[in-house]
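The following questions and answers concern strand pairing and helix packing in the structure shown below.

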Amino acid sequence: MKNMNIEWIGNIPNNWEVKPIGTCFKERNEKVSDYDWKPLSVTKQGVVKQLENAAKSDAHDARKKVCKDDFVINSRSDRKQSCGISQYDGSVSLINIVLENRRLNPKFVNYLLKNYGFAEEFYRYGSGIVADLWSTNYQKMKKIMIPIPPKEQQEKIAEFLDSKVKKIDDVIEKTKETIEDYKKYKHLIITQTVTKGVNKNVKYKNTNINGIDKVPVHWNLIYLKYVTDFQEGPGIMGTDFKTEGVPLIRISGMKSNIVNLKGCNYLEPEKVEKKWKHFRLQEDDVVISASASMGIAAIVKKEAVNCIPYTGLIRFPKNNKIHHMFLKYFLISNAYMEQINMQKTGALIQHYGPTHISKVKIAMPPMHEQVEIANYLESKCEKIDFLIINNQKIIDDLEQYKNSLIYEYVTGKKEVI
């Protein structure tokens, strides 16, 4: 081994070389139309045919040409490891750097320039005002030094990693499927319990409501608007955002089932008092998302009291007609979602609001049963969430192991025998 005095590379085998990217690749900077060269997307999974949800431009001629076996990388730092060898001829947006491979094994290049070690070095060569706008251009990228093994070793490393990575990815995929099964099971338990209760030894009556097939005979079928109020967060402009003041809760602050201050903006207290004070959250209110992230509901705890919910969030104030935890579970059940899905509006991002909620019906048990249902679901969901978290940890550990494995072989720390 020899030390190259390059931090991201470290020691490499004696028969390996280190060269700048500019000597191994040539930038492909030809502008083309996506009418002639099919549009591609550059993702963390590599270069793929353009995704349906990708942002599309009307400037069809403002694209970069890509040929099969070119390496393409997104130049922005907030798209780390969005890169890969292209399997297709096509075109990509101008934010990407396209490299024509002159001398290296394409599969080896894919592992070398896609690993986390190179991603950090690529970021280090960038520049910008803030992290979100940080990017690296080709003139800087071409100076980055990369390790180059002999040609036959490149092929060996690529074949070895293909085999190893496939096995790891297979386990990751099966673990993801397990997580999805747990999520489906959790959702099924919630829907069954908020519509049928905990006690199975009761008589049921049929309904003609989407998402609610039958309910206990002593439960009332009633419009949701008669048991709870609801209001959508106010329309607040970005020009109202301040660096301190009253927190403005966003969807990112609802991911853990409890409303928190994660990712919030701030509003001027005097303006809140004048225009938005009647939107202030109170403890045990329920807050849901009514736009892209439907199916998320959270409870307001002390740290979020008096905060303001952003547009697209709907607040259900706590009251004595319906238990707040029972309401939360109803709002993420199929009994609610199927009724809402028939009313949602919007072409790309579907949205609903108080007008649509007014048409939703709920099966209302007596208060003591609402409490019983809420306690049962809290216990049941906690156990399922524990299994989901453990499986997610397995995925995270496997991804970390995979990254380390790739790095060690493409920089020669480990040898393919």
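Q: Which residue of β12 is the bridge partner of Phe-25?
A: This is a predicted model, in which local features need pLDDT of at least 70, side-chain atom pairs count only at pLDDT 80 or more, and totals for chains, interfaces and linings use all residues. Residues are numbered from 1 along each chain as its sequence is written, and side-chain values use heavy atoms, without hydrogens and water. Strands are DSSP runs of E with at least two residues, and helices runs of H or I with at least four, numbered from the N terminus. β4 pairs with β12 (residues 96-101) in the antiparallel sense over three bridges, and the partner of Phe-25 in β12 is Asn-101.

Q: Why is one side of β4 and of β10 left without a neighbour in the sheet?
A: Two strands pair if DSSP finds at least two bridges between them. The open sheet of four strands has the order β4-β12-β9-β10, with antiparallel pairing. One side of β4 (25-27) and of β10 (83-85) lacks a neighbour because each stands at an edge, with a single partner strand.

Q: What angle does the direction of helix α2 make with that of β10?
A: Axes are lines fitted to C-alpha atoms, for helices over the stretch in contact (heavy atoms within 4.5 Å). Angles run from 0 to 180 degrees between N-to-C directions. Helix α2 (residues 106-114) packs on the sheet and touches β4, β9 (71-74), β10 and β12. Its direction and that of β10 make about 170 degrees.

Q: Which residue stands opposite Phe-316 in β24?
A: Strand β21 (residues 286-289) and β24 run antiparallel and are joined by four bridges. The residue opposite Phe-316 is Val-286.
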